[in-house]
Amino acid sequence: MNKALLSAKAKDRLFKAFAILCTCAALSTLLLLIMDILIKGVSRVNWSFFSSLPSRFPEQSGIYTALAGMVSLLLFTLLIALPIGILSGIYLQEYGKRNKLAKFIEINISNLAGVPSVIYGILGLQLFVRTVGLGNSILSGSLTLALLIMPVIIVSTREAIKAVPDSMREAAFGLGATKWQTIKKVVLPASFGGILTGIILSVSRAIGETAPLIVVGALAYVPFIPEGPLDQYTSLPIQIFNWTSRPQLGFIENAAAGIIVLLVFTFLLNGIAITLRNRWYKKAKL
């Protein structure tokens, strides 16, 4: 018995050491990549880089139109994806019947969250660009990204609502509240932190997507700010992709600077998600 116990403890320590080693290796690789990007591009991150248009001269090129296009793209993506995704999650969890069809839909929504983004780009190209006739506009890109992040929003909304105890619903029903009043006044406020976290994390994914935008026709060079949903556009990931394909060293530095800006946006969104979630949970406990 003692030998078996000692062997189990030794295996436990060995697995723990192996897990720590793998974690350190992954973090070290990430740190080296970030340091390499910072060394190459931090000198280009200045006001001129943010306010300049794209140019064939690397020292004069900037991300002004790419940044404006990315913000416009995300804005329309959220306007499309949030209402549909959140309401779908509410319906599937609170109103949908528990039968084979519902289970089939749930499994497929979960599977869609893991589909490669280029598949959504091909779907958006055929459906929005060619069939609907939107062309390579912000609206076609936003609809494609909305399809990409919608499964994530639906799944996160369902999981957040599912985590609300049934006792809270029963208490609301006991006080005479209707189904919708219970959802609106009890379930959604209690699950707001989890829903918000899923939304921000899905937006973080959409920010860095390049493949679907290339497929639906996002341009690498746009010398103007988009003024409407049907205007042509570029995005920061597309601009970075364009710079990395250039042989000049200056464009490689510009690409590294663009990656730094993209990382800052991503880290900020993730930081906001974690902060809001923690504050909401603390408020809910009080």
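Modeller: The discussion below goes from the whole chain to single residues, and this is a predicted model.

Biologist: What share of the residues of the chain counts as buried, and what does the accessible surface come to?

Modeller: Burial is judged by relative accessible area, with a cut-off of under 20%. By that criterion, 38% of the 286 residues count as buried. The accessible surface comes to about 16400 Å², and carbon and sulfur atoms account for 70% of that area.

Biologist: Why does Gln126 count as partly exposed?

Modeller: Gln126 counts as partly exposed because its relative accessibility is 43%. The residue belongs to helix 5, which covers residues 117–131. Between Gln126 and Ile225 there are 26 Å from C-alpha to C-alpha, with a sequence separation of 99 residues.

Biologist: Which residues touch the most other members of the largest nonpolar core?

Modeller: A core is read through its members and their links. The largest one has 44 residues, and Ile63, Met70, Ile207, Leu213, Tyr233 and Leu236 touch the most other members. At least two residues each come from helix 3 (64–95), helix 5, helix 6 (138–162), helix 8 (179–207), helix 10 (236–244) and helix 11 (249–285). Helix 6 gives the most, with 9 residues.

Biologist: With which residues is Ile63 in contact, leaving aside neighbours within four places in sequence?

Modeller: Ile63 is in contact with Phe49, Phe50, Ser52, Leu236, Trp243 and Val261. There is also a second, separate core of 5 residues, including Ile90, Ile161, Val164 and Val187. For the chain, among contacts between residues at least 6 apart in sequence, 73% join residues at least 24 apart.

Biologist: Which residues does UniProt list under "transmembrane region"?

Modeller: A record can be set beside the model. The unreviewed UniProt entry lists residues 20–43, 63–92, 104–128, 134–155, 186–207 and 255–276. In the model, residues 104–128 are 84% helix and 0% strand, with end C-alpha atoms 26 Å apart. Residues 134–155 are 82% helix and 0% strand, and their end C-alpha atoms lie 29 Å apart.

Conventions:
Residues numbered from 1 in each chain as written. Predicted model: local features only at pLDDT ≥ 70, side-chain atom pairs only at ≥ 80, totals over all residues. Heavy atoms only, no water. Buried < 20%, exposed > 50% of the residue type's maximum accessible area, 1.4 Å probe, protein only. Contact = heavy atoms within 4.5 Å. Areas by Shrake-Rupley, 256 points an atom, 1.4 Å probe, with all protein chains shown as cover. Helix = DSSP H or I, 4+ residues; strand = E, 2+ residues; numbered from the N terminus. Core = buried A, V, L, I, M, F, W, Y, C linked by side-chain atoms within 4.5 Å. UniProt positions renumbered as here; feature names shortened; annotations may be inferred.
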